[in-house]
Amino acid sequence: MKLSKATVAQRYSKALFELAEERRQRQAVLGELQEVKKVLIQQPELISVLTSKRISYQDKEKVLQVLIDSASSLVANLLQMLFDYHRIEDLRAIIDSYARLNDQFEKTVRAQVITAIKLGDAQKEKLTASFAGLVGAKKVVLEEKIDPQIIGGVILKSSNRIYDGSLRLRLEQIKRLLLK
């Protein structure tokens, strides 16, 4: 039975996270994994090279060795194990899962904030503090997006939750009430 990418990512990231936390290297490993992810984004063909049946095992090992040489022992072992067990294509999902575990550990919530105009620093701080209290987080990391179609107000998207305080939504609600 083949495991799903999500299951593989959860298992490997959890094992790595627990080991990194035990060795007090959690943040360092996260930093390394983020650097590896940047490489994967900049060189999308890298995973294809490492999984190709047309490229010899020795050539793949040489390519992998370039990544391993600049990595700590934990990350190097992860990369080698993923390669050996033919799971290297799951690397990005594992990195994302590790980052989520780290966010949970640090009680950090990531959210996308959509507004009609750019928020000022004071507004961002107030929004961050309010949202942190609402979701019980110590820290909120906002990704800003401007969408003039919401007219005014704020839409916050975090994980599987959407908090819509936009003027567009309120106008639609009034419209529905008037049409009843």
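Colleague: Which residues in α2 are buried?

Modeller: R26, V29, L30, L33, V36 and L40 are buried in α2. Buried means under 20% relative accessible area, exposed means over 50%, and partly exposed lies in between (1.4 Å probe, protein chains only). This is a predicted model: local features need pLDDT of at least 70, side-chain atom pairs count only at pLDDT 80 or more, and totals for chains, interfaces and linings use all residues. Residues are numbered from 1 along each chain as its sequence is written, and side-chain values use heavy atoms, with hydrogens and water left out.

Colleague: How do you know that the span of α2 agrees with its number of residues?

Modeller: Helices (H or I, at least four residues) and strands (E, at least two) are DSSP runs, numbered from the N terminus. The expected span is 1.5 Å times one less than the number of residues. Helix α2 has 17 residues, so it should span 24 Å. Its end C-alpha atoms are 24 Å apart, which agrees.

Colleague: Why is S97 called buried?

Modeller: Its relative accessibility is 6%, so S97 counts as buried. S97 sits in helix α6, residues 91–106.

Colleague: What makes S97 and S13 a polar contact?

Modeller: A polar contact is a pair of N or O atoms within 3.5 Å; within protein, one must be able to donate a hydrogen and the other to accept it, and residues adjacent in sequence count only if both atoms are side-chain atoms. The side chains of S97 and S13 are joined at 2.6 Å. Leaving out residues up to four places away in sequence, S97 touches A9, Q10 and S13.

Colleague: Why is the pair E18 and K14 called a salt bridge?

Modeller: The rule asks for a side-chain nitrogen of Lys or Arg within 4 Å of a carboxyl oxygen of Asp or Glu. For E18 and K14 the N to O value is 3.8 Å. They are 4 residues apart in helix α1, so about one helical turn separates them. E18 is partly exposed at 45%, and K14 is partly exposed at 47%. By this rule the count comes to 10 salt bridges.

Colleague: Which salt bridge does K118 form?

Modeller: K118 pairs with E144, the closest N and O atoms being 3.8 Å apart. This pair links distant parts of the chain, 26 residues apart: K118 is in the loop between β1 and α7, and E144 is in strand β2. K118 is exposed at 58%, whereas E144 is partly exposed at 31%.

Colleague: What joins K118, D121, K124 and E144 into one network?

Modeller: K124 and D121 meet in a salt bridge at 3.9 Å, N to O. They are 3 residues apart in helix α7, separated by about one helical turn. Salt bridges that share partners join K118, D121, K124 and E144 into one network.

Colleague: Which residues touch the most other members of the largest nonpolar core?

Modeller: A nonpolar core is a set of buried Ala, Val, Leu, Ile, Met, Phe, Trp, Tyr and Cys residues joined through side-chain atoms within 4.5 Å. Of the 29 residues in the largest one, V29, L33, L78, L91 and Y98 touch the most other members. The largest share of this core, 7 residues, comes from α5. Apart from it lies another core, of 10 residues, among them V109, A111, F131 and A137.

Conventions
Contact means heavy atoms within 4.5 Å.
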